[in-house]
Amino acid sequence: MSSLAILHVDDEPDIREVAAFSLDLDPDLSLTSADSGEAALALLEGGLRPDVILLDVMMPRLDGPGTLARLRHLPGLDRTPVIFMTARVQASERDRYLELGAIGVITKPFDPMTLAGQVRDLLAGSAA
């Protein structure tokens, strides 16, 4: 497997902790976490260039779709794959997230044992 740099953005500390534990199970992943859309944008504006961004949908101030819209205007990030993570997964909502440019949606609560595989599967599907 190839090395993969991930930026995970979620306002809930418990979710970030479980995701970090889960993704640390894959030795070929490197993880950066951010607790808000604003913090993620600051990291990205500072030069962080992840291979994929895991983005919570519902966050205060700047939600996931708003963060995605803003990061698409940053140099070098117009094609970075984004995967939304949310408990809101009705078909119409999932379709909307894909229309916004996400390559997929991971349902919360996610299975910590399979999260890294889900991310890799979605990335493989988007490259096809």
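Residues are numbered from 1 along each chain as its sequence is written, and side-chain values use heavy atoms, with hydrogens and water left out. Because the model is predicted, local features need pLDDT of at least 70 and side-chain atom pairs count only at pLDDT 80 or more, while totals for chains, interfaces and linings use all residues.

Asp 10 lies in the loop between strand 1 (4-9) and helix 1 (13-23), and Lys 108 in the loop between strand 5 and helix 5, so the pair ties together parts that are 98 residues apart in sequence. Helices (H or I, at least four residues) and strands (E, at least two) are DSSP runs, numbered from the N terminus.

Both partners are buried, a word used for residues under 20% relative accessible area, with exposed meaning over 50% and partly exposed in between (1.4 Å probe, protein chains only). Asp 10 counts as buried because its relative accessibility is 0%, and Lys 108 because its value is 15%. The loop that holds Lys 108 runs between strand 5 (104-107) and helix 5 (115-127).

Asp 56 is buried because its relative accessible area is 3%. Not counting residues up to four places away in sequence, Asp 56 touches Val 9, Asp 10, Asp 11, Gly 64, Met 85 and Lys 108. With neighbours within four places in sequence left aside, the contacts of Lys 108 include Asp 10, Ile 15, Asp 56 and Met 85.

Arg 120 and Asp 26 are both buried.

Another salt bridge brings together the side chains of Arg 61 and Glu 38, at 3.3 Å from N to O. Here Arg 61 sits in the loop between strand 3 and helix 3, and Glu 38 in helix 2, so the pair ties together parts that are 23 residues apart in sequence. Arg 61 counts as exposed because its relative accessibility is 68%, and Glu 38 is partly exposed because its relative accessible area is 31%. Salt bridges that share partners join Asp 10, Asp 56 and Lys 108 into one network.

Attention now turns to helix 3. This helix (residues 64-71) is mostly covered, with 6 of its 8 residues buried: Gly 64, Pro 65, Gly 66, Thr 67, Leu 68 and Leu 71. The cover over these buried residues includes helix 2 (37-45), strand 3 (52-56), strand 4 (82-86) and helix 4 (91-99). At the N-terminal end, Asp 63 caps helix 3, placing a side-chain oxygen 2.8 Å from the backbone nitrogen of Gly 66.

Helix 2 packs against helix 3 at an angle of about 20 degrees, and their axes are 10 Å apart. Axes are lines fitted to C-alpha atoms, for helices over the stretch in contact, and angles run from 0 to 180 degrees between N-to-C directions. Helix 2 and helix 3 are therefore roughly parallel to each other, since angles under 35 degrees count as roughly parallel, over 145 as roughly antiparallel, 65 to 115 as roughly perpendicular and the rest as oblique. Gly 37, Leu 41 and Leu 44 of helix 2 make the contact with Thr 67, Arg 70 and Leu 71 of helix 3.

Conventions: Contact means heavy atoms within 4.5 Å. A polar contact is a pair of N or O atoms within 3.5 Å; within protein, one must be able to donate a hydrogen and the other to accept it, and residues adjacent in sequence count only if both atoms are side-chain atoms. A salt bridge is a side-chain nitrogen of Lys or Arg within 4 Å of a carboxyl oxygen of Asp or Glu.
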